[in-house]
Each structure stands twice: as structure tokens, then as C-alpha cells.
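Here is a short briefing for someone meeting this structure for the first time. Take a look at the model, then read on by topic.

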Amino acid sequence: MPNLYESRMTSEKRTTYRHGNVRDAAIKASLTLVNTESADKLSMRRVAEALGVAHRALYNHFSDREALLDAIATEGFHALAGAVANTTNQLTFVSAYLTFALEHPHLYPLMMSRPHATMSETPPLQKAVHQVITKAMAFFGQENATPQENRRAVMKVTILLHGGIMLRTNGILDVDGDGHFIDELTKMVAVP
């Protein structure tokens, strides 16, 4: 699995701790844990244990578990934005998006679980999400459409992709392999 973590420190908050950069290390350790099992099992104690620090040390950097999950989701959206960055049309965008989601079966649901209110209160997360939306808008929006129509077009594609991914990863959708799944969903989404 590719390393999804890239440091995104801000000067507004304290970023170091006596054991090094605990915030960045906690996000990196959390991504490693989430890449191997469901985010439901992620706890502040497990992350602290992986870092070798007291779990209370994490509260210097994250107000609670939800704030840690927001930070993980932010990194996930940055990685997804990177995965779709070089796409050139609807087909390559859909393929890159689906490939990312299938390669990260625990991280992707965590990313999609963040409530809209959380995103508006967490500017780094909101910015990361908008990187993906902006790329989708380039392929699925129409030059002569209203902003609402373009928003609906991107929502339609996102809902179809997300629904397909959830059906596939939960074993409900019977398709011969990920490649065939990606081909079929691409045909459903891409405008001829």
C-alpha cells in the first residue's frame, strides 16, 4: 500500500512534543492502523501505544477521537486528490477514484463518514475534499450549466461511485474481480 501520509503542519498550533512530532506521528500511525483494519477499532489508546507515549499526550494535539479521525480523513482526501490529479477525462477519473477506494477499503469509508458540519468546522478537511470535488467538476460539470446543476452532476457521480464501492466491498455486488467492477461502473458513469 502506498504511504498516504504527508506532513501538513500549521504554525498556529504547537507541533512538537518531547518525544518528537506527536501530531504527525499519530496521524501516520493511525493511517497504518486504519489500512489494516476498520477505523471503528481505532482508539486514542491504541495510537498512543503504537507511538510509545501516554494516551493523554495525544490530547495535546487532538481534542478527542473525532478530531483524530478528521485528521486521518484529511490525509485520505489529499491522497485521493493525488490519485485523481493526473486524470484527463471522465474515464480516467472514475478509474483512479475507484482504484483508490478499493486499495484502501478501511480508509475510504472513514473518509466518507465525516459529517458535513465537521468539514465546515475543519478547514484543512474541507480544503482536501474540495480538491477532489474540483477535479470531478472539471469532468462532470458543464460550461453552460448553473452552479446548482453542476453540483448535482458531481453529486450524482459521487453517489453512484460511493454506492458501487460500498456494494462491492461489502460483498453484495457480484462482479468478476475489481477490474470488471471498475469497467462496469465507468460505463455507467461516463457520458458518451
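Helix 4 is largely enclosed by the rest of the structure, because 15 of its 20 residues are buried. The model is a predicted one. The protein chain holds 10 helices and zero strands.

- Helix 4 covers residues 65–84. Its end C-alpha atoms are 29 Å apart. At 1.5 Å a residue, its 20 residues should span 28 Å, so the two values agree.
- Aspartate 64 caps the N-terminal end of helix 4. One of its side-chain oxygens lies 3.2 Å from the backbone nitrogen of glutamate 66.

**The chain as a whole**

- The elements run α-α-α-α-α-α-α-α-α-α from the N terminus on.
- The protein chain has 192 residues, and 43% of them count as buried.
- Take the contacts with a separation of 6 or more: residues 24 or more positions apart account for 64% of them.

**Arginine 114, a buried charged residue in a loop**

- Arginine 114 sits in the loop between helix 6 (107–112) and helix 7 (116–121).
- Is arginine 114 buried or exposed? Arginine 114 is buried, because its relative accessible area is 7%, below the 20% cut-off.
- The side chain of arginine 114 makes a polar contact of 2.6 Å with the side chain of glutamate 66.
- A polar contact of 2.8 Å links the side chains of arginine 114 and aspartate 70.
- Beyond its neighbours within four places in sequence, arginine 114 is in contact with Glu66, Leu69, Asp70, Ala73, Met119 and Leu125.

- Alanine 85 is in the loop between helix 4 and helix 5.
- Alanine 85 is partly exposed, with a relative accessible area of 39%. That value falls between the 20% and 50% cut-offs.
- Glutamine 131 is 46 residues from alanine 85 along the chain. The C-alpha atoms of the two are separated by 8.9 Å.

**Valine 132 in helix 8**

- Valine 132 belongs to helix 8.
- Valine 132 counts as buried because its relative accessibility is 7%.
- Which residues does valine 132 contact, leaving aside its neighbours within four places in sequence? They are Phe77, Leu80, Ala81, Phe93 and Tyr97.
- Valine 132 and valine 84 are 48 residues apart along the chain. Their C-alpha atoms are separated by 7.5 Å.

**Helix 8 against helix 9**

- Two packed helices are described by the angle between their axes and the distance between the axes.
- The axes of helix 8 and helix 9 come within 9 Å and cross at roughly 105°. That makes helix 8 roughly perpendicular to helix 9.
- On the helix 8 side, the residues that meet helix 9 are Ile133, Ala136, Met137 and Phe140. On the helix 9 side, they are Asn150, Arg151, Ala153, Val154 and Val157.
- Asparagine 150 is found in helix 9. Its relative accessible area is 11%, so asparagine 150 is buried.
- Leaving aside its neighbours within four places in sequence, asparagine 150 touches Met137, Gly141, Gln142 and Ala145.

**Helix 10**

- Helix 10 spans residues 177–189, which is 13 residues. Its first and last C-alpha atoms are 19 Å apart, close to the 18 Å expected at 1.5 Å a residue.
- Which residues of helix 10 are buried? They are Phe181, Ile182, Leu185, Thr186 and Val189. These residues are on the same side of helix 10, because they cover an arc of only 130° around the axis.
- An α-helix has 3.6 residues a turn, so residues three or four places apart point the same way.
- The cover over the buried residues of helix 10 includes helix 5 (90–103), helix 8 (123–140) and helix 9 (147–169).

**Helix 1**

- The buried residues of helix 1 include Val22, Ala26, Ile27, Leu31 and Val34. Asp24, Ser30 and Asn35 are also among them.
- The buried residues of helix 1 pack against helix 2 (44–51), helix 3 (55–58), helix 4 and helix 6.

Technical notes. Residues numbered from 1 in each chain as written. Predicted model: local features only at pLDDT ≥ 70, side-chain atom pairs only at ≥ 80, totals over all residues. Heavy atoms only, no water. Helix = DSSP H or I, 4+ residues; strand = E, 2+ residues; numbered from the N terminus. Expected span 1.5 Å × (residues − 1). Buried < 20%, exposed > 50% of the residue type's maximum accessible area, 1.4 Å probe, protein only. Arc of directions from axis to C-beta. Contact = heavy atoms within 4.5 Å. Polar contact = N/O pair within 3.5 Å; in protein donor to acceptor, adjacent residues only side chain to side chain. Axes fitted to C-alpha atoms, helices over the stretch in contact; angles between N-to-C directions. Parallel < 35°, antiparallel > 145°, perpendicular 65-115°, else oblique.
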